[in-house]
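Please open the structure in your viewer and keep the selection tool at hand, as each stop on this tour begins with something to select.

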Amino acid sequence: MSLSFLLEIGTEEIPDWMIVSALNQLRDHFQSMLDGQGLGGQVAWADGTPRRLALRADGLADRQADSEDLVTGPAKSAGTGAAAGFARKMGVSADALSVTTTAKGEYFSFTKRTAGKSARDILSAQLPGLILGIQWPKAMYWVGGKTGPRFIRPIRWLVALLGDAVVPFEIAGVKSGSLTRGHRILGSGSIPVTIESYRDALQANGVILRASERREKIEVERAALLDQTGLRVHPDPDLLEKLVYITEFPTPITGVFDEQFLELPSEVLVTVMRHHQNYFSVEDAEGKLAPRFVAVMNTNADPEGLVRHGNERVLRARFNDARFFWTVDQQKRLEDRVPDLANVTFQAKLGSYLAKTERNVAVVRELAAKLDTDSGPVERAARLLKADLPTEMVKEFPELQGIVGGLYAKAQGEPEEVWRAIYDHYKPASMEDSIPSSASGRLVALADKIDTLRGCFSVGLMPTGSKDPFALRRAAQGVVRILVEGKLDLPLSKLTAGDAALHEFLLDRIRYYFREVRGFAYDEVNAVIASGAENLPDIEARLLALKSVRPTANFEPLAASFKRIQNILRQASHQGAGAVDEALIEPGPERVLYDEFKRVSAAAGTSEYLPGLEAIASLRPAVDSFFDKVLVNAPDARVRANRLNLLHGILTEFSTIADFSEIVTQ
């Protein structure tokens, strides 16, 4: 008998950014439980809103299959007394035993038959632990103090249905049943459901369960609000995702604000709308900010415009605050604010932001010298880099730090090279974000991140597990992206200033970037990094060449031969100290390999990696013939050593682009 199962965990509002992870865990853990318990079935979907996590599975067996296990007891030679004791242990009489012959002899045995448990009983026992096993960044006790259950928010109701029957269990006094709850305003607080009626019952009570449907509703309705206006919503996928998961019945509405506020920088206005009010900003066809916004209500209508007017009133107050802060902050120049950074702590062991500013200036000077570039503008930018932290604007809108500094520097007449570097210095803030747009900006951003990494590692503040309070992983990933995408020829060992732990940390981020972000195969990344990881743009160039040449017929067989060469040299404990003596090279395959080695060495020695790798791959027939027809371990010690020198030379010469022994071959 095949059954469907429905689970709903009803809670107080869950933070939007935690919901998707929780649903993924719920899906995975439930499927693992089904598989482990032998119930069959597959999770059909897992979806949720701020107030509920829900899951459906189909194809469950109504009970486990019965099982038979052969239990081996004492040796037959132990006699009837031992057999009787074994039988008592099995709960049967001695004549129910049998004798099993094994490689070690004959043993008394018993076939133990176990009846499968019902799916209802298994689910009843497993669900409390499965639900409370969901991992959250933070969790809370809401009953029983620290001995009670922990969850992200208090659990208020539970729905658990297997077919038509309730699966009974209890968490913190809340018993499972078949009653769900609708939208706080639009729905009922007690709604009987079946597995098949569940979604429709929620929909009728103001809850759109599917996140994809809520997302589509927002997108379609906000577009309709601006139809025929010539305006459009500024793309903001992160805000859209947030609104999807803070609403159960999202309804976009539009509002307006006074055009006088457009005198403020658009970055300030957009930040106020986005971060403080969850409003979409609106722009014209040229991308210029318009005096309108789109908000999303968690209800179905605003017939009298009360919500719209309330949103406009709140936004007007926030914009007035921003205008006041802008005016007050302009009364003091950024350079005059630098001493104030002595009162702003960066980190207790690393001192104030003034101390960090001095270090940033020193690091940017160091980097500029290595790149042989004018350090004047970047030193000026580094000096003013954190000067916006004491401003009223940043105190009120911390999301604007850096951006405000750049805008203030621009308003105060700093050169574009300086103000734009300040504006961009927190970039890239994520994998989707761009690196700074200017060469000066890239250098200043790099210096700031490098100083943070050096400082934190020097006082033992390395990330551990999921804990990374100073966002060092993000800083390191920013360093990697700026170096690669900005084509900066800066040695990694110089950036890490001899700190081995920091060097390995950055290497780990380099591997992650090229594997997970750029999509190179893990063995390609390992092979290239094993041949040198000082220059990141060079790593990229070698990876691109390796990826291009890998599909060719000669490449992977040659990589297998390189592994063979490495093994031969290792087994012979060969250090490769000697040069190849041409007089000892025998005619035939050995001479062919030697001549090909010299030819390919010249081609591979060019600065172009792809032709070099293609030339190396062309060596494959000569290598194959050598191994087929030449005895490396020759009886003559001089010949043997010379052949090992030849193999060592080939391995060393051609491992400067990539260590081919790292390539996974068939």
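Select helix α14 and look at what surrounds its buried residues, which pack against α7 (266-277), α11 (376-384), α13 (403-411) and α15 (439-458). Within α14, which spans residues 416-424, the buried residues are V418, W419, A421, I422, Y423 and D424, where buried means under 20% relative accessible area with a 1.4 Å probe, protein chains only. The helices are DSSP runs (H or I, at least four residues), numbered from the N terminus. This is a predicted model, in which local features need pLDDT of at least 70, side-chain atom pairs count only at pLDDT 80 or more, and totals for chains, interfaces and linings use all residues. Residues are numbered from 1 along each chain as its sequence is written, and side-chain values use heavy atoms, leaving out hydrogens and water.

Next, select N526, which is found in helix α19 (residues 522-530). Not counting residues up to four places away in sequence, N526 touches R511, R515 and E662, a contact being heavy atoms within 4.5 Å.

Finally, select helix α20 (residues 536-549) together with helix α23 (residues 609-617), whose axes, lines fitted to C-alpha atoms over the stretch in contact, with angles running from 0 to 180 degrees between N-to-C directions, come within 9 Å and cross at roughly 45°. To see the contact itself, highlight D538, A541, R542, A545, L546, S548 and V549 of α20, and then Y609, L610, L613 and E614 of α23.

Key
Buried means under 20% relative accessible area, exposed over 50%, partly exposed in between (1.4 Å probe, protein chains only). Helices (H or I, at least four residues) and strands (E, at least two) are DSSP runs, numbered from the N terminus.
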